[in-house]
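The sequence and structure are shown first.

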Amino acid sequence: MLIDAHCHLDFPDFDADREAVFERAKAEGVRHFLVPGTTRKRWPEVLALGERDDVDVCLGLHPYFIDEHRDADLEALEEALDTNPGVVAVGECGIDGRFEESWDAQWHTFDAQLRIAKARQLPVVIHCVQANDKVAKRLRQLELPAGGLIHAFAGSPEQARKFLDLGFVLGLGGAVTFDRAKRLHRAVKSLPDDGYVLETDSPDMPLAGHQGERNESANVAQVCRVVAEVREQSPEQVAADSTATARRLFQLLV
Ligand SMILES: [Zn+2]
C-alpha cells in the first residue's frame, strides 16, 4: 500500500474528474491521501474531503497565497482546529524564497502557525523553497514536539540531515524523478528508512517527462519506483517504509 502524503485534491483542477483520480490512484496501489490546507477560503473543501475514509487533512495558510491571508485567518485556524479534532497537522505553511517582497509577511504567518502547532502538539507540513537553512534554524529554536514534514524536499544531504535531527521527515515527489537532480539523489540515498514519505503535490510538481501536465496521485507509484532505484532497495521496501512513516508522523488509523 502507498500513501500520497501531500496532494491538493481539493483544487478546482480536479472538479471535473475527482472520483476518477482516486480510482486511478487506487489502481496503482495508492490507498490513502493527505490533503493540506492552503487558504481559509478553501478549508471547507478540504474538510469535506476529509470526510472520506481514504483522506486525512491538514489546515493551514500557504505562503504562495500570502496576499490573501489576514491575521483573523490565524484566529480562524485555531477555531477550525478546535472544532475539527480529526485534522492531523497544521499546514501547508512555510517560506517561499522566490517571493522576496513578501518575506516579512511570510515569516509572520509561518511563525504564528508553528506556534499553533507547538501548542497543540500537532505535526506541521512545511513548504520550504530556497529557504532550507533559515527554516531549519527557526525549527531548532522552537523545538516542535510532534515534528512534521518538509514537503517536496529538494535540498542537499546536509540539509536533509538537519531536518531529520529536528524530528522532521522529508517528502519525496516529482523532483526525484529528474535525472539531473544529482544532489537530491545523494540526499535520498543518505536517508534512513524511516526518514521520508512519498507525495505528488498534485496538481503541481509533474514528474520527468510530464512537464506542463496536471500531476495526480497515481504517480506516487512512479515516485516509489524511482526512490527505490536511487536507494538501491526494492519498491516493496520503499512502499512499506514510506507508508509506515506517514502513519507514524500523522498518527493515521489506516
Ligand atoms: Zn502543496
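How many salt bridges does the count come to?

## Basis of the model

The count comes to 20 salt bridges, a salt bridge being a side-chain nitrogen of Lys or Arg within 4 Å of a carboxyl oxygen of Asp or Glu. The model is predicted: local features need pLDDT of at least 70 and side-chain atom pairs count only at pLDDT 80 or more, while totals for chains, interfaces and linings use all residues. Residues are numbered from 1 along each chain as its sequence is written, and side-chain values use heavy atoms, with hydrogens and water left out.

## Salt bridges

D73 and R40 meet through their side chains in a salt bridge of 3.0 Å, N to O. Because D73 belongs to helix α3 (residues 71-83) and R40 to the loop between β2 and α2 (43-49), this pair ties together parts that are 33 residues apart in sequence. Helices (H or I, at least four residues) and strands (E, at least two) are DSSP runs, numbered from the N terminus. D73 counts as buried at 7% relative accessibility, whereas R40, at 40%, counts as partly exposed; buried means under 20% relative accessible area, exposed over 50%, and partly exposed in between (1.4 Å probe, protein chains only).

R120 lies in helix α4 (residues 103-120) and E78 in helix α3, so parts 42 residues apart in sequence are tied together. R120 is partly exposed with a relative accessible area of 27%, and E78 is partly exposed with 34%. D111 bridges to R138, their closest N and O atoms being 2.6 Å apart. This pair links distant parts of the chain, with D111 in helix α4 and R138 in helix α5 (residues 132-142), 27 residues apart. D111 counts as buried, at 12% relative accessibility.

The largest pocket has a volume of about 570 Å³. Its lining comprises 24 residues, of which R98, H127, V129, D201 and M205 are the closest to the centre. A pocket is an open set of points on a 1 Å grid over the protein atoms alone, where a 1.4 Å probe fits, with protein on both sides within 12 Å along at least five of seven lines; lining residues have an atom within 4 Å of a point. Grid points are joined across faces, edges and corners, and a volume is the space filled by probe spheres set on the points. Strand β5 (residues 124-129) gives the most to this lining, with three residues. By class, the lining of the largest pocket holds ten nonpolar, nine polar and five charged residues. Here Ala, Val, Leu, Ile, Met, Phe, Trp, Tyr, Cys and Pro count as nonpolar, Asp, Glu, Lys and Arg as charged, and the others, Gly among them, as polar.

The second largest pocket holds about 160 Å³ of space. Its lining includes H32, D53, D56, F250 and V254, and divides into seven nonpolar, three polar and two charged residues.

## Helix α8

Helix α8 (residues 220-231) has twelve residues and reaches 16 Å from its first C-alpha to its last, close to the 16 Å expected at 1.5 Å a residue; the expected span is 1.5 Å times one less than the number of residues. Nine of the twelve residues are buried, including V220, C224 and R231. The buried residues of α8 pack against several elements, among them β1 (2-4), β7 (168-172) and α9 (235-250), where contact means heavy atoms within 4.5 Å. E232 follows α8 and has a positive phi, near 55°.
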